[in-house]
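My notes follow in the order I looked things up.

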Amino acid sequence: KKVTQGGALLLLYKTARTDYDILDDVLGPDRWKVEYSEIKGNLYCTLSVWSDVRGEWISKQNCGTESREDGEGNEKKGEASDAMKRAGVTLGIGRELYTSPVIYANVPTTPQGNGYELADRYQTFDVNEIGYDEQRRINRLVIVDNNGAHVFTFPRVGQSQPRTHFVPS
């Protein structure tokens, strides 16, 4: 999300492919479907899952926002992916990401223009461990960099109450 003089503020996120994989694994590929429509210039995704109990499709819908211009025309593709991810959240896929603690990684940075950038421009970060409480809120989190080094651990030693924040998508 943001690089500062002393490190980087990171966000947990999911991709549309994450949702596809979860839906296929949990329901099977023939028990869910997506449809896209444009309403007042906004792209909406309707995500439907089959209910054996009700004998019908249960549908949830949400809209996406265009990606930043990348020079390759992927803005609308990004809007479709965003709409899918948001529709997935309405069904509960990834809703726990909104309970994430503030993730600040102490990693090397370097000045760039009026701000900072990662010293290693190719550095990436992954969730190494994640745990949840009974309400599906994140209560344990370990983030590592692409070399396997731990850059963030939650809760910190001696921290009694998790601090969480809501990041609107």
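This is a predicted model: local features need pLDDT of at least 70, side-chain atom pairs count only at pLDDT 80 or more; totals for chains, interfaces and linings use all residues.

Entry 1: Ala16, Asp19 and Leu23 of α1 are buried. Looking down the axis of α1, I see its buried residues within an arc of 55°, so they line one face of the helix.

I also checked the length. Helix α1 covers residues 16-27, which makes 12 residues. From first C-alpha to last, α1 reaches 16 Å, close to the 16 Å expected at 1.5 Å a residue. What follows α1? I found glycine 28 there, with a positive phi near 95°.

**Entry 2: the whole chain.** I stepped back to count elements. The protein has 2 helices and 11 strands. Along the sequence I read the pattern β-β-α-β-β-β-α-β-β-β-β-β-β. I then looked up burial for the 169 residues of the protein, and 31% of them are buried.

Entry 3: I turned to the second largest pocket. Its volume is about 650 Å³. It is lined by 27 residues, and the closest to its centre are Leu11, Leu12, Tyr13, Phe125 and Val127. Which elements give two or more residues to this lining? I noted β1 (2-4), β2 (7-10), α1 and β9 (125-132). Of the elements, β9 gives the most to the lining of the second largest pocket, with 5 residues. I sorted the lining by class as well: 17 residues are nonpolar, 4 are polar and 6 are charged.

Entry 4: I followed tyrosine 13 first. Tyrosine 13 sits in the loop between β2 and α1. Is tyrosine 13 buried or exposed? It counts as exposed, at 66% relative accessibility. I then looked at its distance to lysine 85. The two are 72 residues apart in sequence, yet 9.7 Å separates tyrosine 13 and lysine 85 in space, C-alpha to C-alpha.

Leucine 12 came next. Lysine 1 belongs to the segment before β1. With 71% relative accessibility, lysine 1 counts as exposed.

**Entry 5: cysteines.** I searched for disulfides. A disulfide is a covalent bond between the sulfur atoms of two cysteines. How many does the structure hold? I found 0 disulfides. I still looked up two cysteines. Cysteine 45 has a relative accessible area of 0%, so I wrote it down as buried. Cysteine 63 has 19% relative accessibility. The cut-off for buried is under 20%, which means that I had to read this value with care. Cysteine 63 counts as buried.

From cysteine 45 I moved to serine 81. The two residues are 36 apart along the chain, and 8.9 Å separates the C-alpha atoms of serine 81 and cysteine 45. Serine 81 lies in helix α2, residues 75-90. Its relative accessible area is 27%, so I noted serine 81 as partly exposed.

**Entry 6: backbone angles.** Most residues other than glycine have a negative phi, and most peptide bonds are trans. I kept that in mind and listed some cases.

Lysine 40 has a positive phi near 50°, and lysine 40 is a residue other than glycine. I located lysine 40 in the loop between β3 (32-39) and β4 (42-51). Lysine 40 counts as exposed, at 82% relative accessibility.

Arginine 136 also goes on the list, with a positive phi near 65° in a residue other than glycine. Where does arginine 136 lie? I found arginine 136 in the loop between β9 and β10 (138-145). Its relative accessible area is 43%, so arginine 136 is partly exposed.

Phenylalanine 154 and proline 155 are joined by a cis peptide bond, with omega about -5°. Proline 155 lies in the segment after β11 (150-154).

How values were computed. Residues are numbered from 1 along each chain as its sequence is written. Side-chain values use heavy atoms; hydrogens and water are left out. Helices (H or I, at least four residues) and strands (E, at least two) are DSSP runs, numbered from the N terminus. The expected span of a helix is 1.5 Å times one less than its number of residues. Buried means under 20% relative accessible area, exposed over 50%, partly exposed in between (1.4 Å probe, protein chains only). The arc is that of the directions from the helix axis to the C-beta atoms. On a 1 Å grid over the protein atoms alone, a cavity is a set of points where a 1.4 Å probe fits but cannot get out, and a pocket is an open set with protein on both sides within 12 Å along at least five of seven lines; lining residues have an atom within 4 Å of a point. Grid points are joined across faces, edges and corners, and a volume is the space filled by probe spheres set on the points. Ala, Val, Leu, Ile, Met, Phe, Trp, Tyr, Cys and Pro count as nonpolar, Asp, Glu, Lys and Arg as charged, and the others, Gly among them, as polar. A disulfide is a pair of cysteine sulfur atoms within 2.5 Å.
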